[in-house]
Amino acid sequence: MISADRLVISKMTTKDIDEVLAIERQSYPTPWSRNAFTSELTSNLYAHYFTARIDGTLVGYFGMWVFFDEAHITNIAVDPRFRRQGIGERMLRFAFSKARELGATTMTLEER
């Protein structure tokens, strides 16, 4: 397990997309494109995306839409080298907390 103080979750920016795409391509048979992530970060008012880093290395990311009292996880992935260390769970707990902060009372996740 990764200690809580080593994992830093922060807001994703367009500068993170190259690293995010590397994990996305390893995680899904039909990965999102650069344009999809760019659009989410720059044009979708409901979108909230975050990265998880350990000592500066991107180890995971997730995104969600929050509208009215509902949140929907759009994607979540952990670098295969860092799986089974509790990172995905920590990202989900962060997502729950952030969604609550933004007024959501329910959350959904559609798996691929």
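This section describes the sheet, the helices packed on it and selected residues of a predicted model.

The sheet is open and has 5 strands. Their order is E1-E2-E3-E4-E5, and the pairing is mixed. Strand E1 (7–11) and strand E5 (106–109) form the edges, each pairing on one side only. From one strand to the next, the twist averages 25 degrees.

The pairings can be followed across the sheet from E1. E1 and E2 are antiparallel and share 5 bridges. In this pair, Leu7 stands opposite Ile54 of E2. Strand E2 (residues 47–54) is in turn antiparallel to strand E3 (residues 57–67), with 8 bridges between them. Thr51 lies opposite Tyr61 in E3, and Ala47 has Trp65 of E3 as its bridge partner. The hairpin of E2 and E3 has 2 residues between the strands. Within this hairpin, Asp55 adopts a positive phi near 50 degrees.

E3 and E4 are also joined by 8 bridges and run in the antiparallel sense. Here Val66 stands opposite Ala71 in E4. The hairpin of E3 and E4 has 2 residues between the strands. Phe68 is found in the loop between E3 and E4. Its phi is positive, at about 55 degrees, although Phe68 is not a glycine. Phe68 is exposed, with a relative accessible area of 75%. E4 and E5 run parallel and are joined by 4 bridges. Ile73 has Leu109 as its bridge partner in E5.

In E2, 8 of its 8 residues are buried, and the strand is mostly covered. Ala47, Tyr49, Thr51 and Arg53 point one way from E2. His48, Phe50, Ala52 and Ile54 point the other way. Residues of both sets are buried, Arg53 and His48 among them. In E4, 8 of the 9 residues are buried, so the strand is largely enclosed by the rest of the structure.

Val8 is partly exposed, with a relative accessible area of 47%. Neighbours within four places in sequence aside, Val8 is in contact with Thr51, Ala52 and Arg53. Val8 and Arg34 are 26 residues apart in sequence, and their C-alpha atoms are 23 Å apart in space.

H2 touches E2, E3 and strand E4 (70–78). The direction of H2 makes about 110 degrees with that of E2. Helix H3 (residues 87–101) touches E1, E2, E3, E4 and E5. The direction of H3 makes about 160 degrees with that of E4. Arg84 lies in the loop between E4 and H3. Arg84 has a positive phi of about 65 degrees although it is not a glycine. Arg84 is exposed, with a relative accessible area of 84%.

H2 also packs against H1. Helix H1 (residues 17–27) and helix H2 (residues 34–42) meet at an angle of about 125 degrees, with their axes 10 Å apart. This angle makes H1 oblique to H2. The crossing of the two helices is right-handed. H1 contributes Ile17, Asp18, Val20, Leu21 and Glu24 to the contact. H2 contributes Arg34, Phe37, Thr38 and Leu41. The contact residues divide into 5 nonpolar, 1 polar and 3 charged.

Trp32 is placed in the loop between H1 and H2. Trp32 is partly exposed, with a relative accessible area of 23%. Trp32 and Val20 are 12 residues apart along the chain, and 9.9 Å separates their C-alpha atoms. Val20 is one of the H1 residues in the contact with H2.

How values were computed. Residues are numbered from 1 along each chain as its sequence is written. This is a predicted model: local features need pLDDT of at least 70, side-chain atom pairs count only at pLDDT 80 or more; totals for chains, interfaces and linings use all residues. Side-chain values use heavy atoms; hydrogens and water are left out. Axes are lines fitted to C-alpha atoms, for helices over the stretch in contact, and angles run from 0 to 180 degrees between N-to-C directions. Angles under 35 degrees count as roughly parallel, over 145 as roughly antiparallel, 65 to 115 as roughly perpendicular and the rest as oblique. A crossing is left-handed if the near helix is turned anticlockwise from the far one by less than a right angle, and right-handed if clockwise. Contact means heavy atoms within 4.5 Å. Ala, Val, Leu, Ile, Met, Phe, Trp, Tyr, Cys and Pro count as nonpolar, Asp, Glu, Lys and Arg as charged, and the others, Gly among them, as polar. Two strands pair if DSSP finds at least two bridges between them. Buried means under 20% relative accessible area, exposed over 50%, partly exposed in between (1.4 Å probe, protein chains only).
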